[in-house]
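User: I am new to this structure. Please take a close look at one part of it, then tell me how the rest is built around it.

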Amino acid sequence: MAKIIVKDLQGETQTIDAVNDGSLMEALVEADYDDIEAICGGCCACATCHVFITEDWMPRLPDRGDDETMLLESVDAYDEHRSRLSCQIQMSEDVDELELEIAPPD
Ligand code: FES
């Protein structure tokens, strides 16, 4: 089980556990982060699962897909160096100790 270090919109940081066969979005929803609305259920169609990944971690993740990039570019808080849709990141031991910040809602 991978651990994720999450900073919420109130600036509080905590470490949560994530089951390795789910997405990062699912782990955040499971941990009751209400600011991750995930309206589309992980279909890469809503951007309500937007997070900022730390710059250390960004190059260690698989690249954004074209659909993910197009959707992210449409949100106000988009940061090309840190933005990801958490539903597009698969949990595994490879991302153990991943650090992120919940992005503000659009
Ligand atoms: S849950 Fe909708 S884009 Fe991620």
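Analyst: Start with Cys44, which counts as buried because its relative accessibility is 17%. Buried here means under 20% relative accessible area; over 50% is exposed, and anything in between is partly exposed (1.4 Å probe, protein chains only). Cys44 lies in the loop between α1 and β3. Its phi is positive, about 60 degrees, although Cys44 is not a glycine. Most residues other than glycine have a negative phi.

A word on the source. This is a predicted model, in which local features need pLDDT of at least 70 and side-chain atom pairs count only at pLDDT 80 or more, while totals for chains, interfaces and linings use all residues. Residues are numbered from 1 along each chain as its sequence is written, and side-chain values use heavy atoms, with hydrogens and water left out.

Back to the loop. Ala38 is also found between α1 and β3. Phi of Ala38 is positive too, near 50 degrees, in a residue other than glycine. Ala38 has a relative accessible area of 14%, so it is buried.

Thr48 sits in this loop as well, with α1 spanning 24-30 and β3 spanning 50-53. Helices (H or I, at least four residues) and strands (E, at least two) are DSSP runs, numbered from the N terminus. The side chain of Thr48 reaches the backbone nitrogen of Ile39 at 3.0 Å. Leaving aside neighbours within four places in sequence, Thr48 is in contact (heavy atoms within 4.5 Å) with Asp35, Ile36, Glu37, Ala38 and Ile39.

Arg84 is found in strand β4, residues 83-85. A relative accessible area of 3% is why Arg84 is buried. Its side chain joins that of Glu68 in a polar contact of 2.8 Å. Such a contact is a pair of N or O atoms within 3.5 Å; within protein, one must be able to donate a hydrogen and the other to accept it, and residues adjacent in sequence count only if both atoms are side-chain atoms. The side chain of Arg84 also reaches the backbone oxygen of Pro62, at 2.7 Å. Beyond four places in sequence, the contacts of Arg84 include Cys49, His50, Val51 and Ile53. Leu61, Asp63, Leu72 and Ile89 are also among them.

Val6 belongs to strand β1, residues 2-7. Its relative accessibility is 0%, so Val6 counts as buried. Past its sequence neighbours within four places, Val6 is in contact with residues including Glu12, Leu28, Tyr33, Leu100 and Ile102. The C-alpha atoms of Val6 and Pro104 are 14 Å apart, though 98 residues separate them along the chain.

Finally, the whole. The protein has 2 helices and 5 strands, in the order β-β-α-β-α-β-β. Of its 106 residues, 41% are buried. Among contacts with a separation of 6 or more, 63% join residues 24 or more positions apart. The C-alpha trace spans about 30 × 25 × 25 Å along its principal axes. The protein carries 6 positive and 27 negative charges, and their mean positions are 6 Å apart. Lys and Arg count as positive, Asp and Glu as negative; His and the chain ends are not counted. Each charge is placed at NZ of Lys, CZ of Arg, CG of Asp or CD of Glu.
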